[in-house]
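Sequence and structure come first.

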Amino acid sequence: MGSIQLKSVEKAFGAVKVINGVDLNVENGEFAVFVGPSGCGKSTLLRLVAGLEDVTAGQVLIDGRDMTNVGPAQRGLAMVFQSYALYPHMSVRGNIAFALKMAGQKADVIDQKVRKAAATLNLTDYLDRKPRQLSGGQRQRVAIGRAIVREPKAFLFDEPLSNLDAALRVQMRVEIGELHNALATTMIYVTHDQVEAMTMADKIVVLDRGSVAQVGSPLELYNRPNGLFVAGFIGSPTMNLIKGASAAKRGAMTIGIRPEHTDISTSAGEWPAKVRLAEHLGSDTFVHAEAGGIGPLTLRLEGEAALKPGQDIFVTPREAHLHRFDKDGRRIA
Amino acid sequence: MALRQSIGRRVRVTILAWVVAFLIFFPILWTFLTSFKSELDAIAMPPKFLFFNWTLENYFEVQARSNYLRFASNSIILSVGANVVGLLIAVPAAWSMAFAPGKRTKDLLMWMLSTKMMPAVGVLVPIYLLFRDLHLLDSLIGIGLVLLLLNLPLLIWMLYTYFKEIPVDILEAARMDGASLLNEILYVLTPMAVPGIASTMLLAIILSWNEAFWTLNLTTSNAAPLTAFIASYSAPEGFFWAKLSAASTLAIAPILILGWFSQKQLVRGLTFGAVK
């Protein structure tokens with residue numbers, strides 16, 4: 001069992017309030033992702049769950065038990081750090097075995113568990129190497145192995161892939177996802193990369209300046225963002241947000257339309273625009289255009305689109321996918 | 001043209017470096033050479049450098065007059081012992097200052113350092129009287145305590161700077177792995193800080209070995225280390241230079257040899273914190 005509950009959790013460093021009254025439930029076995037821009041408090045929130053920081057107010061419950069005043073060693077959680085935080089003076093075997101050694105387990109039990117974890121993560125050939133003799137991806141696996149072997153109630157990941165190159169990041173993302181399916185253990189994952197959030201999460205928690213902006217499944221957040229912040233944060237390229245007459249005639253202060261939910265024509269449409277730049281990715285084309293009285297627009301077309309800078313086009317948003325926001329930035333249903 | 005200039009410059013700089021090194025080393029070299037001269041040769045004008053009658057009589061007389069080995073063993077016991085105990089105090093102190101600092105930590109560090117700025121002679125009388133009343137005069141425990149307290153600020157400061165170089169998340173990983181504070185210090189912090197601890201200890205041992213003021217004032221015979229041994233060779237009649245040189249050579253030889261073999265460690269330790 002590994003359900004985690006945060007009740008009105010607050011955290012202040014001196015006079016600076018970093019977390020403002022967060023209420024959150026992570027169910028047993030769920031893969032929850034904390035996402036948000038730099039400085040929003042997602043790592044701090046993770047550290048409060050881990051017990052590496054003390055809450056200023058509120059409660060942290062694990063499996064229904066109040067762990068607010070319990071130290072990190074006794075919470076039964078395992079953490080994978082952004083910098084891997086491997087013990088440089090110990091071998092891979094020593095790193096993975098350390099937690100079991102601290103728990104006072106017998107040598108043969110430790111050996112068996114270490115071998116099993118190493119086999120799961122393809123580390124068997126590296127057990128006697130030191131961390132400095134490993135590549136970034138291998139170190140990442142050792143960090144995960146160290147967490148797995150503890151059989152924790154929940155795994156906590158603090159931006160574990162941000163130090164890896166793009167290809168390795170994609171590979172590790174898949175591996176972590178598969179690990180979650182295999183172990184069925186609760187995982188809380190912190191990232192600033194919303195692509196990681198969208199692809200890995202059962203539930204995404206979007207944080208904005210220490211508060212929860214929205215909680216929901218990836219598609220819920222994508223299709224029904226509850227405010228301008230979530231609308232602008234989730235989705236890459238970002239949603240086009242338009243104020244003025246086009247919004248007012250639809251009964252809103254701001255309207256939003258995702259780049260892929262627009263129709264482009266060279267002859268007719270709602271918004272006349274001029275192409276500034278076309279980015280050809282092969283599978284898609286991203287067109288950056290400037291519409292008079294509207295502002296810059298990002299448009300997405302499937303496949304290869306023969307649009308050139310300086311070309312005049314017409315952009316029409318698909319009404320079914322339009323998002324409307326009021327003067328406070330909140331979604332209008 | 002440029003190549004030739006650089007070679008010429010390099011030769012000049014090398015010669016200069018050797019000259020400076022020789023000048024710095026010269027007192028030790030002279031002491032060593034003088035220890036093999038007769039007393040007459042030792043005060044000869046012009047001074048005799050290498051060409052004199054080499055003799056070992058000074059070493060024999062020094063050993064006959066006073067028990068070198070007892071003084072040497074006192075030096076070893078005091079230098080190593082006081083600093084090992086100091087380390088046991090300094091490691092937890094430096095840990096708390098580096099990883100769990102409070103509002104007053106910086107003030108505490110500055111205050112500790114300030115105690116080193118005070119001239120020792122200012123507290124000689126009260127310490128002497130305290131030691132007399134507590135029967136600590138001329139005892140290894142007594143002088144050991146003084147050496148410990150003298151070096152403690154240095155030990156804590158140096159360890160504090162080394163500990164600050166250690167990434168905090170490795171210690172946090174140990175906490176998440178279930179390590180208690182003691183286990184964290186024992187199994188993770190100390191092994192990672194070994195180079196820093198080693199060079200701190202080396203420096204502290206060298207300082208304690210050379211400490212003359214307190215050792216001369218608070219010991220007489222039982223607990224007297226090599227500093228007292230050398231001082232006993234200064235007589236009202238004047239200095240017996242050859243014997244004094246022999247005594248000095250015997251006194252500094254152990255620490256010089258230790259320093260020679262650990263010089264890489266010492267240099268690394270002293271410059272470690274300088275480069276980020």
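The text below goes from chain A to the interface and then to chain B.

The structure is a predicted model, in which local features need pLDDT of at least 70 and side-chain atom pairs count only at pLDDT 80 or more, while totals for chains, interfaces and linings use all residues. Residues are numbered from 1 along each chain as its sequence is written, and chains are lettered from A and ligands numbered from 1 in the order in which they are written.

**Chain A overall**

Chain A has 9 helices and 18 strands. Here helices (H or I, at least four residues) and strands (E, at least two) are DSSP runs, numbered from the N terminus. Along the principal axes, the C-alpha atoms of chain A fill a box of roughly 75 × 45 × 35 Å. Of the 333 residues in chain A, 41% are buried. A residue is buried if 20 or more other C-beta atoms lie within 10 Å of its own, exposed if 12 or fewer, and partly exposed in between, with C-beta atoms placed from the backbone. Among contacts in chain A between residues at least 6 apart in sequence, 63% join residues at least 24 apart; two residues are in contact if their C-beta atoms, placed from the backbone, lie within 7 Å.

**A sheet in chain A**

An open sheet of 4 strands in chain A has the order 2-1-4-5, with antiparallel pairing. Strand 2 and strand 5 (65–66) of chain A are at its edges with a single partner strand each, so one side of each has no neighbour in the sheet. Two strands pair if DSSP finds at least two bridges between them.

Strand 1 (residues 4–13) and strand 2 (residues 16–26) of chain A run antiparallel and are joined by 7 bridges. They form a hairpin with 2 residues between them, and Gly14(A) in the turn has a positive phi of about 65 degrees. Phe13(A) stands opposite Val16(A) in strand 2 of chain A.

Strand 4 (residues 57–62) of chain A is joined to strand 5 of chain A by 2 bridges, and this pair also runs antiparallel. Leu61(A) has Asp66(A) in strand 5 of chain A as its bridge partner. Asp63(A) lies in the loop between strand 4 and strand 5 of chain A. Asp63(A) is partly exposed, with 15 other C-beta atoms within 10 Å.

**Backbone exceptions**

Most residues other than glycine have a negative phi, and most peptide bonds are trans. The table lists some departures from this pattern.

| Site | Feature | Value |
|---|---|---|
| Asp63(A) | positive phi | about 55 degrees |
| Glu151(A) | positive phi | near 45 degrees |
| His135(B) | positive phi | near 55 degrees |
| Ser236(A) to Pro237(A) | cis peptide bond | omega near 0 degrees |
| Met45(B) to Pro46(B) | cis peptide bond | omega near -5 degrees |

Glu151(A) is in the loop between helix 4 (136–148) and strand 7 (154–158) of chain A, and Glu151(A) counts as partly exposed, with 14 C-beta neighbours inside 10 Å. Pro237(A) is found in the loop between helix 8 (228–233) and strand 11 (240–243) of chain A. Pro46(B) is in the loop between helix 2 (39–42) and helix 3 (57–65) of chain B.

**The interface**

In the interface, 17 residues of chain A are in contact with 15 residues of chain B. Strand 6 (77–80) and helix 2 (92–102) of chain A each supply at least two residues of the side that touches chain B. By class, that side of chain A has 15 nonpolar, 2 polar and no charged residues. Ala, Val, Leu, Ile, Met, Phe, Trp, Tyr, Cys and Pro count as nonpolar, Asp, Glu, Lys and Arg as charged, and the others, Gly among them, as polar.

**Chain B**

Leu33(B) is in helix 1 (residues 2–34) of chain B. Leu33(B) has 19 C-beta neighbours inside 10 Å and counts as partly exposed. The C-alpha atoms of Leu33(B) and Trp54(B) are separated by 8.8 Å, with the two residues 21 apart along the chain.

Helix 6 (residues 124–133) of chain B has 10 residues, of which the number buried is 0, so this helix lies largely in the open. His135(B) follows helix 6 of chain B.

The axes of helix 7 (residues 140–164) and helix 9 (residues 181–210) of chain B come within 10 Å and cross at roughly 155 degrees. The two helices of chain B, helix 7 and helix 9, are therefore roughly antiparallel to each other (over 145 degrees). Residues of this contact include Leu147(B) and Asn151(B) of helix 7 and Ala193(B) and Gly196(B) of helix 9. The contact residues divide into 11 nonpolar, 4 polar and no charged.

Methods:
Axes fitted to C-alpha atoms, helices over the stretch in contact; angles between N-to-C directions. Parallel < 35°, antiparallel > 145°, perpendicular 65-115°, else oblique.
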